[in-house]
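Reader: I am new to this structure. Please take me closely through the place where the two chains meet, and then through what lies around it.

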Amino acid sequence: MKYSTDYSPIEMMIIAGAREIENGQILIVGTQWPIITTLFAKKTHAPDITICYEGGVVLESIPDRIPLFTGDPCIASNSVLLNDSLDTLGMILHAGYPDIAFLPGANVDRYGNINTTCFGDYSRPKFRLGGSGGACDFGSLAKRVITMLEHERQRFPERVDFITTPGYLDGSDSREKAGLRPGTGPGAVITTLGIFRFRKDTREMYVDTYYPEGSIEEVKKGFQWDIKVSEDVKVADPPTEEEIRILRDEIDPFGMYLKNNKAKTISTL
Amino acid sequence: MKSKIMTMDKAIKEFVRDGDVVYLGGFIQHEPYAAIHEIIRQRKKGLTVSSCAGMIALDQLIGAGCLDRVITTYTWNPLPKPAHALRRCMEKGIPHEIQMEEYSILSLTLSYFAGALDLPFVATKTLMGSDLAKNPSFLGENKLKIIESPFNGEKVCLVPPLKHDIGIMQVQRADNFGNAQAWGVMGDSKYGINSCSRVIICAEEIVDTEVIKRDPGRTIIPGFKVSAVVEEPWGSHPSYVTGCYDMDWRYFSFYDKATETLDGFENYLKEWVYGVKDRSEYIKKIGKKNLDALKPKPWSGNPVDYGYCAQYQEDYVS
């Protein structure tokens, strides 16, 4: 096993996301980075994972072309269950089956709340985004939510302008007080700078891991609040050469995610 | 039963009225773009449109000024790029202010489900804590209610039944009477289309009722609930219909660039909506070569057997 010396921050993020997945788990997967991340995991260390999508798809194999979004026909035609949203968001997610829910996000805050609705005031936004889709359901119901996004400082405000997808709300037990089930909520935020997790008591996000190319100072600058750093903060292993080869040549041979920016999320005003 | 086949022009004229609450079916696939363009051509006004997870269908109706109110969870160009007309409307009130009621996919699908069954409400554990629950628009306090469950006291979110005056969606096939069959990713469609007083089914293909009866498990709405059937091949372009045609990503990219400015959006409508008489002219404009490139490779299964014995067992009858 040889570590790669030629990989991009996006590739590091995808591989770090895939490492959170254990073989055999049930995943419910949102659009963009989560798609390529979970398919990469299935191709490598976790071949027996089951991947569910909001429109009514349960997938147990890797489609022959990379899906560009969760409604892509290529995931429907390779699935083991193809029906509707009450199957996957209902009888799978609401019923509590998924081990992890993977989401993209435009903005994420101190308590893991996600905004994909608007920047600025909701009634007259400065920038209107797409909205929830199934994201609010993932965040409301899943045992462990992992959010993946490109790390830019403006994506990490102390408080998001609009909570599309509830994380730990105001911290501590505010999530449970709002009526959401105990034992659900954000597990990690994985970005192009590192891996961030949540304290069990305050539910505040902290720096758990940064990448070999980076530093704690650089990571801390990526947040609009003074984020705490774990006492035993870790440095991630870089991707191996084999991981990078599989990601580029087998999962995304046309570079739809890795080169052509077909998945880039909106972040700036 | 009488045939309900008619042209798109006639179906929209007869069954979509100004001020109606309209359900737009399709979840990514099956979005009825041909019908949407006809609604714009007929300059319908004051509609409330409910569409669970839309792409640029709502964007076009908003930009064309047909809507006053929207119920949705998501509207975006799937590239992913902004839905420019939606942005202009929400950020600047162009072409006029609209009200937008937002849910999540599960909560809105449950609302359609409640509407389709005529249930008083559905209780769920999603949506609570989110700002979607705290910012009702025109539904006001009837958007949802958070109460303590009468069974165990835990907090639950009640969503109301959503019903529609008219529902429209594209399907793979239907017979003359409106027995409509659709497959692939279905999202909210079955519940949405069954929550409507009137229904327009736009079908890629009109088939004999015998075809429907050979695979009745694929029917999503019975003909007796349907008002009109329109034969409209390629009616979901630039979206897709499973087994018929794939997503036209290049067209979404073209639409993104073409509609970025207000002038550009108006020129788009002039050229692609007002500038064509009907769907067949639009399809001609796309061109055979481009259409051929969207035809999928076959992925057909074994036919399903619905067989049964012609007679009961002899000694059971006697």
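**The interface and its surroundings**

Author: Chain B and chain A bury about 4200 Å² between them, 59% of it on carbon and sulfur atoms. Buried area is the accessible area (1.4 Å probe) that two parts lose on being put together, summed over both. Three residues of chain B stand out: Glu91(B), Leu106(B) and Lys125(B) supply 14% of the area that chain B buries against chain A, more than any other three residues.

This is a predicted model; local features need pLDDT of at least 70, side-chain atom pairs count only at pLDDT 80 or more, and totals for chains, interfaces and linings use all residues. Residues are numbered from 1 along each chain as its sequence is written, chains are lettered from A and ligands numbered from 1 in the order in which they are written, and side-chain values use heavy atoms, with hydrogens and water left out.

Now the contacts. On the chain B side, 52 residues are in contact with 55 residues of chain A. Contact means heavy atoms within 4.5 Å. The two chains share 4 salt bridges. A salt bridge is a side-chain nitrogen of Lys or Arg within 4 Å of a carboxyl oxygen of Asp or Glu. One salt bridge joins the side chains of Glu97(B) and Arg124(A), at 2.5 Å from N to O.

Polar contacts also cross the interface. The rule finds 27 residue pairs in polar contact between chain B and chain A, both residues at pLDDT 80 or more. A polar contact is a pair of N or O atoms within 3.5 Å; within protein, one must be able to donate a hydrogen and the other to accept it, and residues adjacent in sequence count only if both atoms are side-chain atoms.

Which elements of chain B supply at least two residues each to the side that touches chain A? They are strand 3 (67-75), helix 4 (84-92), strand 4 (99-102), helix 5 (105-117) and helix 6 (131-134). Helices (H or I, at least four residues) and strands (E, at least two) are DSSP runs, numbered from the N terminus. By class, this side of chain B has 28 nonpolar, 13 polar and 11 charged residues. Ala, Val, Leu, Ile, Met, Phe, Trp, Tyr, Cys and Pro count as nonpolar, Asp, Glu, Lys and Arg as charged, and the others, Gly among them, as polar.

Follow helix 5 further into chain B. Helix 5 of chain B lies across strand 5 and strand 7 of chain B, running at about 160° to strand 5. Axes are lines fitted to C-alpha atoms, for helices over the stretch in contact, and angles run from 0 to 180 degrees between N-to-C directions.

In chain B, 3 strands form an open sheet in the order 5-7-6, with antiparallel pairing. Strand 5 (122-124) and strand 6 (145-148) of chain B stand at the edges with a single partner strand each, so one side of each has no neighbour in the sheet. Neighbouring strands of this sheet are turned by 40° against each other on average, direction ignored. Two strands pair if DSSP finds at least two bridges between them. Strand 5 and strand 7 (residues 155-159) of chain B pair in the antiparallel sense over 3 bridges. There, Val122(B) stands opposite Val159(B) in strand 7.

Back along chain B is a loop between strand 3 and helix 4, which holds Pro80(B). The peptide bond from Leu79(B) to Pro80(B) is cis, with omega near 5°.

Chain A has an open sheet of 10 strands in the order 4-3-2-1-5-10-11-12-13-14, with mixed pairing. Its edges are strand 4 (79-82) and strand 14 (228-235), each with a single partner strand, so one side of each is left without a neighbour in the sheet. The twist averages 20° from one strand to the next. Inside this sheet, 5 bridges join strand 10 to strand 11 (residues 186-191) of chain A, and the two run parallel. Ile146(A) has Ala188(A) in strand 11 of chain A as its bridge partner.
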